[in-house]
Amino acid sequence: MTDSTALEPEDRKIVTLARAARARNGVPEGAAVRDDNGRTYVAGTVALPSLRLSALRTAVAMAVASGATSLEAAAVVVGEGESASLTDDDLAAVRDLGGAATPVFVAGADGVVRAVLTAG
């Protein structure tokens with residue numbers, strides 16, 4: 001586990017935003033991404049009969065739809081007792097916009113970062 005207070009303030013912010021999205025919307029995962037201009041995009045899991053998107057892919061899609069051309073970082077928050085189910089497609093979406101070295105913070109519902117991955 002990573003001490004979330006050891007994160008840079010902007011990284012701690014996206015973890016907090018992802019945590020809030022998960023709790024507010026009552027979804028399995030919340031995610032937030034930060035673009036190269038410092039703007040943040042927040043999303044939860046989308047689970048419709050005709051459309052299923054992870055929180056992370058939804059956040060990346062929101063960034064792209066808003067004109068973002070690059071990402072600096074991403075965060076995903078999962079519920080207690082759940083493990084992040086980041087798929088290759090999730091990481092590919094981050095990599096497509098941010099590059100292979102883009103950090104992805106994975107945290108529990110308590111906001112404690114469990115892992116720091118890269119999109120690569």
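**Group meeting: the sheet and its helices**

Seven bridges connect strand E1 (residues 29-35) with strand E5 (residues 71-78), and the two run antiparallel. This is a predicted model, in which local features need pLDDT of at least 70 and side-chain atom pairs count only at pLDDT 80 or more, while totals for chains, interfaces and linings use all residues. Residues are numbered from 1 along each chain as its sequence is written, and side-chain values use heavy atoms, with hydrogens and water left out.

Helices (H or I, at least four residues) and strands (E, at least two) are DSSP runs, numbered from the N terminus. Within E5, leucine 71 is the bridge partner of aspartate 35. The open sheet holds five strands in the order E2-E1-E5-E6-E7, with mixed pairing; strands pair if DSSP finds at least two bridges between them. Its edge strands are E2 (40-44) and E7 (113-118), each pairing on one side only.

I turn now to helix H2. Which residues of H2 (residues 55-65) are buried? They are Ala55, Leu56, Thr58, Ala59, Val60 and Ala63, where buried means under 20% relative accessible area with a 1.4 Å probe, protein chains only.

The axes of H2 and helix H3 (residues 88-98) come within 9 Å and cross at roughly 25 degrees; axes are lines fitted to C-alpha atoms, for helices over the stretch in contact, with angles from 0 to 180 degrees between N-to-C directions. H2 is therefore roughly parallel to H3, a term for angles under 35 degrees. Leu56, Arg57, Val60, Ala63 and Val64 in H2 meet Asp89, Asp90, Ala93, Val94 and Leu97 in H3, contact being heavy atoms within 4.5 Å.

Note on methods. Buried means under 20% relative accessible area, exposed over 50%, partly exposed in between (1.4 Å probe, protein chains only). Angles under 35 degrees count as roughly parallel, over 145 as roughly antiparallel, 65 to 115 as roughly perpendicular and the rest as oblique.
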